[in-house]
Amino acid sequence: MKVHHLNAATMCPFGGRLISGRGGLLGRAHMVCHVLLIETDDGLVLVDTGLGTADLAAPRQRLGTGFVLMTQPCLDPAETALAQVQALGFSADDVRHVVLTHMDLDHAGGLGDFPKATVHLHAKEHEAAMARRTMAAKQRYIPAQWAHGPSWKLYEAEGEEWFGFGAVRALSDRESDVLLVPLFGHTAGHCGVAVRTPEGWILHAGDAYFHHGSMAAEPWTPKGLRAFQAGTDTIGTERRRNQERLRQLKQARGKEITMFCAHDPAELDACCAGRRP
Ligand SMILES: [Zn+2]
């Protein structure tokens, strides 16, 4: 088995240091969409999808003007998960499974590029995305991204235990396991995705936190990012509680677990260089 760490969309919002935690105040910040591509016995597994080709073709219509203005996506076709899968010599149909941390537009955008994949996620998240009950839900969940009608596989019960967290097994083969680890709060059914590899465990924490500083012994998060995080919380108390649980896990077991969130470029760089963030 092999794990590839990919960036499936770069976003350059205004806000410089307030978002990135470094550089000038007026510069652009830099955020990524960290995606995993896993080569398994049962074909390719993608964890999150970033933005897809249809998002890039008509960003304002697909993603909404508000999202485009706020996050300033760079819209490079070479960054789509599909382009990177093809660059590695595979085709879209080789992606048999997509596992989603949640269904926000910057995580589910590439679903349509892999129409034959089974899409695995928490039942609560699927329900919230289909219902789109609030104004915020209508902005973050974009039905056009799953208009091709994927085959969904939904999970609810937490039958497993993962480092003190409840978890549910989604996929397994000889060398790997993929578990959904409920970390609700950012959205109603947001999960981390834990992957067992021969080299140890990986946790894709999705948007459970946004900046590596939040996981430090003395936690800190750039001010603007903290505001952005609070503004996108569905249940703030739950998100903050889960962020703290992850911080304690990282402090206690950080040498065994490669843990990262979706949007931190420093964590992606570390993973691409084969280091633990
Ligand atoms: Zn996100």
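Visitor: What makes β5 count as largely enclosed by the rest of the structure?

Guide: Burial does. In this predicted model, 4 of the 5 residues of β5 are buried, so the rest of the structure largely encloses that strand.

Visitor: Which strands does β5 pair with, and how do you know that they pair?

Guide: Count the bridges; at least two are needed for a pair. Strand β4 (residues 95-99) is joined to β5 by 3 bridges, and the two run parallel. Strand β6 (residues 151-155) is joined to β5 by 5 bridges, again running parallel. Both counts reach the cut-off of two, so both are pairs. If you want to find the spots, V98 stands opposite V119 in β5, and T118 has S151 in β6 as its bridge partner.

Visitor: What sheet do these strands belong to?

Guide: An open sheet of 6 strands, in the order β1-β2-β3-β4-β5-β6, with mixed pairing.

Visitor: Why are β1 and β6 called the edges?

Guide: Each has a single partner strand, so one side of each is left without a neighbour in the sheet. From one strand to the next, the twist averages 20°. Helix α7 (residues 123-131) packs on this sheet, touching β5 and β6, and its direction makes about 100° with that of β5. Elsewhere in the sheet, strand β3 (residues 43-47) runs parallel to β4, with 4 bridges joining them; L44 stands opposite V95 in β4 there.

Visitor: How do you know that L111 is buried?

Guide: The cut-off is 20 or more C-beta neighbours within 10 Å. L111 has 23 inside that distance, so L111 counts as buried. This residue sits in the loop between α6 (105-108) and β5 (118-122).

Visitor: Which residues does L111 contact, beyond its neighbours within four places in sequence?

Guide: They are T49, G52, V98, V119, Q145, W146 and P150. Also, G50 is 61 residues away from L111 in sequence, yet their C-alpha atoms are 8.8 Å apart in space.

Visitor: What makes one face of helix α11 the buried one?

Guide: Start with the residues: in α11 (residues 265-272), the buried ones are E267, L268 and C271. Looking down the helix axis, they fall within an arc of 100°, so they line one face of the helix. Their cover includes β1 (2-11), β2 (31-40) and β12 (257-260). As for how the helix lies, α11 goes across β1 and β2, running at about 30° to β2. Just after α11 comes G274, with a positive phi of about 80°.

Visitor: What is the order of the strands in the sheet that contains β12?

Guide: The order is β7-β8-β9-β10-β11-β12: an open sheet of 6 strands with mixed pairing. At its edges stand β7 (160-162) and β12, each with a single partner strand, so one side of each lacks a neighbour in the sheet. The twist here averages 30° from one strand to the next.

Visitor: How do you know that β8 and β9 pair, and in which sense?

Guide: Bridges again, with at least two needed. Strand β8 (residues 165-172) and strand β9 (residues 177-182) have 4 bridges between them, so they count as a pair, and the sense is antiparallel.

Visitor: What is in the largest nonpolar core?

Guide: That core has 71 residues, and V35, L46, V98 and A205 have the most contacts inside it. β2 gives the most to this core, with 7 residues. Setting aside residues up to four places away in sequence, V35 touches L6, A8, L46, V47, D48, T49, G50 and A81. As background, nonpolar side chains tend to be buried together in soluble globular proteins.

Visitor: Why is the protein chain called as compact as a globular protein of its length?

Guide: First, the parts: the chain has 11 helices and 12 strands. Its radius of gyration is 17 Å, close to the 19 Å that the globule rule gives for 277 residues, so the chain is as compact as a globular protein of that length. The C-alpha atoms fill a box of roughly 50 × 45 × 40 Å along the principal axes.

Visitor: How many of the 277 residues are buried, as a percentage?

Guide: Buried residues make up 47%. On contacts, take those between residues at least 6 apart in sequence: 63% of them join residues at least 24 apart.

How values were computed: Residues numbered from 1 in each chain as written. Predicted model: local features only at pLDDT ≥ 70, side-chain atom pairs only at ≥ 80, totals over all residues. Buried ≥ 20, exposed ≤ 12 C-beta atoms within 10 Å, placed from the backbone. Arc of directions from axis to C-beta. Contact = placed C-beta atoms within 7 Å. Axes fitted to C-alpha atoms, helices over the stretch in contact; angles between N-to-C directions. Rg over C-alpha atoms; globule rule 2.2 N^0.38 Å. Core = buried A, V, L, I, M, F, W, Y, C linked by C-beta atoms within 7 Å.
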